[in-house]
Amino acid sequence: GVRSRVWFAGRKVRLEGGGPGPGPALILRLDQGAAFRLDPAEHTAERLDLEQMRAQSRADSALAGELMGAGEPDTVRTSPLPGKTVAGYECRGWRLRSGSAVLDVYTTTAVPVSLETFGEFLEWTGAAGALAGLWGGVRKLRGFPMETHRQVNVLGEMQETVPTVTRLQVAPVAASMFELPKGYRVRGEADPPAR
C-alpha cells in the first residue's frame, strides 16, 4: 500500500508521502493559483504549472470515469452494507452502483466534516464531473467517507483500490504548512534581493 498525509484548509492543500522523516511534499494553493513540489533533502522547491496540473488531473479523472463506467447523474442505486470500524470510528457501509461501476463506501457521522468540504477541490480536479453518477450518490450519503473500495476492469484485468483513512484530526492548520519553508530556494528563479 501507499501511505500519505494530507492537510486541507479550504483552497489550500498539502500532500506528503508517508515514509519516516520529512519527504517530498506537494503544496497546492488554489487561492493563489500556485503549486510547489518541495524537496527537503535539497531545501529546494519546484514551481509547478497549476493549469497543466489541472488539465492532467481532468484527463486522468475522465479516463478513470470511463474505465469505471461511472454512469450519469441520478443513476446511482444505493444499498446498505454491514458496518465496520475504520480508524476507531464506527462506520455505516453502502454499496453504490452506477453504470458498470460498483463502489463500497464506509462513512461516519462522528466527525464534523462532510464531503462538501472538499467540493471545490473535487470540481477543480475534474473528479466531480467525470464520476458524476458516483459522486452524486456519495454526496447523498450521511457522514464523511473513511474508506472506499472500488474495482475497475482494465483491459480484462480487475484492478482494485481501497483508500482508507487511518487517522483523522479536525483542527486549525498552521498557515506555514501551506507556505514555502524558510531557507528553501525555488529552482530556476533568482533569489530575492537582500533587504
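1. Rings of Phe, Tyr and Trp (its six-membered ring) pair if their centres lie within 6.5 Å, with planes under 30 degrees apart counted as stacked, over 60 as edge-to-face and the rest as tilted. By that criterion the structure holds zero aromatic pairs. This is a predicted model, in which local features need pLDDT of at least 70 and side-chain atom pairs count only at pLDDT 80 or more, while totals for chains, interfaces and linings use all residues. Residues are numbered from 1 along each chain as its sequence is written, and side-chain values use heavy atoms, with hydrogens and water left out.

2. A charge does sit over a ring, however: the charged end of Lys 84 lies over the ring of Tyr 106, 4.7 Å from its centre. The test here is that NZ of Lys or CZ of Arg is within 6 Å of the ring centre and within 35 degrees of the ring normal.

3. On the overall layout, the protein has four helices and eleven strands, where helices (H or I, at least four residues) and strands (E, at least two) are DSSP runs, numbered from the N terminus. Buried residues make up 33% of the 195 residues; buried means under 20% relative accessible area, exposed over 50%, and partly exposed in between (1.4 Å probe, protein chains only). The protein exposes about 12,100 Å², of which carbon and sulfur atoms supply 53%, with areas taken from the Shrake-Rupley method with a 1.4 Å probe and, for residues, only the protein chains shown counting as cover. Among contacts (heavy atoms within 4.5 Å) between residues at least 6 apart in sequence, 50% join residues at least 24 apart.

4. The largest nonpolar core has eleven residues, among them Trp 94, Leu 103, Leu 122 and Trp 135. The elements that give two or more residues to this core are β7 (89-98), β8 and α4 (132-139). A nonpolar core is a set of buried Ala, Val, Leu, Ile, Met, Phe, Trp, Tyr and Cys residues joined through side-chain atoms within 4.5 Å.

5. Thr 108 belongs to strand β8, residues 101-108, and is buried, with a relative accessible area of 2%. Setting aside residues up to four places away in sequence, Thr 108 touches Tyr 89, Glu 90, Cys 91, Gly 143, Phe 144 and Met 146. A polar atom of the Thr 108 side chain lies 3.4 Å from the backbone oxygen of Glu 90, and a polar contact is a pair of N or O atoms within 3.5 Å; within protein, one must be able to donate a hydrogen and the other to accept it, and residues adjacent in sequence count only if both atoms are side-chain atoms.

6. Arg 14, in strand β2 (residues 12-17), counts as buried because its relative accessibility is 11%. A polar atom of the Arg 14 side chain lies 2.9 Å from the backbone oxygen of Met 177. Beyond four places in sequence, the residues that Arg 14 touches include Trp 7, Ile 27, Leu 38, Met 177 and Phe 178.

7. Asp 39 lies in strand β4 (residues 34-39) and is partly exposed, at 22% relative accessibility. A polar atom of the Asp 39 side chain is 3.1 Å from the backbone nitrogen of Ala 41. Leaving out residues up to four places away in sequence, Asp 39 touches Thr 44, Tyr 184 and Arg 187, and its C-alpha atom is separated by 10.0 Å from that of Arg 185, 146 residues apart along the chain.

8. Arg 97 is found in strand β7 and counts as partly exposed at 35% relative accessibility. The C-alpha atoms of Arg 97 and Val 76, 21 residues apart along the chain, are separated by 5.4 Å. Apart from neighbours within four places in sequence, Arg 97 is in contact with Thr 75, Val 76, Arg 77 and Val 102.

9. Two backbone angles deserve a check. Most residues other than glycine have a negative phi. His 43, although not a glycine, has a positive phi of about 55°; this residue is in the loop between β4 and β5 (44-47) and is partly exposed, at 43% relative accessibility. Ala 87 likewise has a positive phi of about 55°, and is placed in the loop between β6 (77-86) and β7.

10. Val 162 is in the loop between β10 (157-161) and β11 (185-186) and is partly exposed, with a relative accessible area of 41%. Not counting residues up to four places away in sequence, Val 162 touches Glu 147, Thr 148 and His 149.
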